[in-house]
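Work through the exercises below with the structure open. Try each task before reading its solution.

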2 protein chains.
Amino acid sequence: MDITSSPQAPLHRSASEPTLRRLPTYRRFLEQLHRQGRAVVSCTHIADDLGLDPTQVRKDLAVTGIVGKPKVGYQVPMLIAAIDSFLGWDNATEAFLVGAGSLGTALIGYEGFRDHGLNIVAAFDVDESKIGEKVRGRAVMPLSKLPNLAQRMHIHLGIITTPEAGAQQAADLMIEGGIRAIWNFAPVTLKVPEGIIVENVQLSSSLAVLSNKLQDVLRKEEGA
Amino acid sequence: MDITSSPQAPLHRSASEPTLRRLPTYRRFLEQLHRQGRAVVSCTHIADDLGLDPTQVRKDLAVTGIVGKPKVGYQVPMLIAAIDSFLGWDNATEAFLVGAGSLGTALIGYEGFRDHGLNIVAAFDVDESKIGEKVRGRAVMPLSKLPNLAQRMHIHLGIITTPEAGAQQAADLMIEGGIRAIWNFAPVTLKVPEGIIVENVQLSSSLAVLSNKLQDVLRKEEGA
């Protein structure tokens, strides 16, 4: 395949979840090269820098429809565009966020999301003292208004940053409002109807892996 | 095995990463049952509620050394203690955090970490305007002081919540100070010596999975 072929063509390819999770890492490295003025990069170079296997890198990047030219490699800006198109990051997705606490505020303020086509347009909370306040320019609205507003604004993505207790209610109201995908940061296993996408960011799961590995290392040292 | 056997015994068992990631979900459900006053729970009950396979649940929980009694199940408080012991959450682990921005502040303020034995004892930053300020009771110190303090306080765990640009420097100083495990929230692939544990929380990877799935769903609807 010609590396100058449009990245628009292969939109319907499917990718495994591990591949999807690696694509932003490639994108970040490619952006770095782009800023340094590099036009072309080889698979081996990407693999070396990121500590991955070159065959894996080639296979991952192929899902975007872009194939590197032998002995030349990938055109950097073209590959970035192809990754963005594949992930849907070339179109802005508007999202509602429920839970205007410190994590919610951090996510609303995270500038990196703009590069990923994510635009958090409003925040909701049940805490009366927060309603009417502004969080980084977005008004905090009462949670009860979410379903109606989501329908009127055709919002498809919801972000939950509530404590454990409020998360299921937030999800229920999102689904009532026509939201199809939920990014859940609350420490809860949400119950949702079939067809609703839930992506969990479970900090406790990540901490479990870290704690267990650290415990092993320290124990081995003590034993040694 | 007797379900009343001590959860201390099997400390050296190893578990796969997917099992480790599921253990906090079991723990959360068990805590909920415990608050409701339930003393015993069956494998099937846990599996049903969390939408998992009962065989998987039995296998996962066996890594803690606790085996349920046939037709009775697990003693709830015993199983919670066994999970905590297995993950090292029964002992407080002190941690340093670098990057006292909004994400750092959110993590310092997250009360759930106390249940997981994580105690963030100090925050560091390079921003002069933040140094000397307090973030939820912790003084923000200059990053340059980290290696010396980490050594003196025998800190083994570091948390990075800096922007992309500052993350590698933060990691280097942590390692210089004897930190063995890094919980990295920055959008960077850290370069660390062998033997240093890095657990990445890459929000962009999580968003990639979500964006791609949402795009697929919306496209199918348009096509239908």
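The exercises below concern a predicted model and cover confidence, domains, symmetry and the interface.

**Exercise 1. Find which parts of chain A have the lowest and highest confidence.**

Solution. Start with the average: chain A has a mean pLDDT of 90, and 94% of its residues score at least 70. Next, go through the elements. Helix 6 (residues 112–115) of chain A has the lowest mean pLDDT, 83, while strand 7 (residues 157–160) of chain A has the highest, 98. Finally, check residues 1–11 of chain A, where the pLDDT is below 50; this stretch has 20 contacts in the model beyond near neighbours in sequence. Where pLDDT is low, predicted coordinates should not be read in detail.

**Exercise 2. Locate the domains of chain A and state how far apart their C-alpha centres lie.**

Solution. The domain assignment places domain 1 at 17–87 and domain 2 at 93–205 of chain A. Their C-alpha centres are 31 Å apart.

**Exercise 3. Determine how chain A is related to chain B.**

Solution. Superpose chain A on chain B: the rotation is 180°, the shift along its axis 0.0 Å and the RMSD 0.0 Å. This is the relation of a two-fold axis.

**Exercise 4. Describe the side of chain A that touches chain B.**

Solution. Count the residues: 46 from chain A and 46 from chain B take part in the contact. Then assign them to elements. Among those of chain A that give two or more residues are helix 1 (17–35) and helix 5 (102–109), but helix 9 of chain A gives the most, with 15 residues. By class, this side has 23 nonpolar, 17 polar and six charged residues. Last, compare the two sides: 100% of the interface residues of chain A are also interface residues in chain B, so the copies meet through the same surface. For the complex, the predictor gives an ipTM of 0.86 and a pTM of 0.85.

Conventions:
Residues numbered from 1 in each chain as written. Chains lettered and ligands numbered in written order. Predicted model: local features only at pLDDT ≥ 70, side-chain atom pairs only at ≥ 80, totals over all residues. Domains from an automatic or database assignment. Least-squares fit on C-alpha atoms with pLDDT ≥ 70 in both. Contact = placed C-beta atoms within 7 Å. Helix = DSSP H or I, 4+ residues; strand = E, 2+ residues; numbered from the N terminus. Nonpolar A, V, L, I, M, F, W, Y, C, P; charged D, E, K, R; others polar. pLDDT = per-residue confidence, 0-100.
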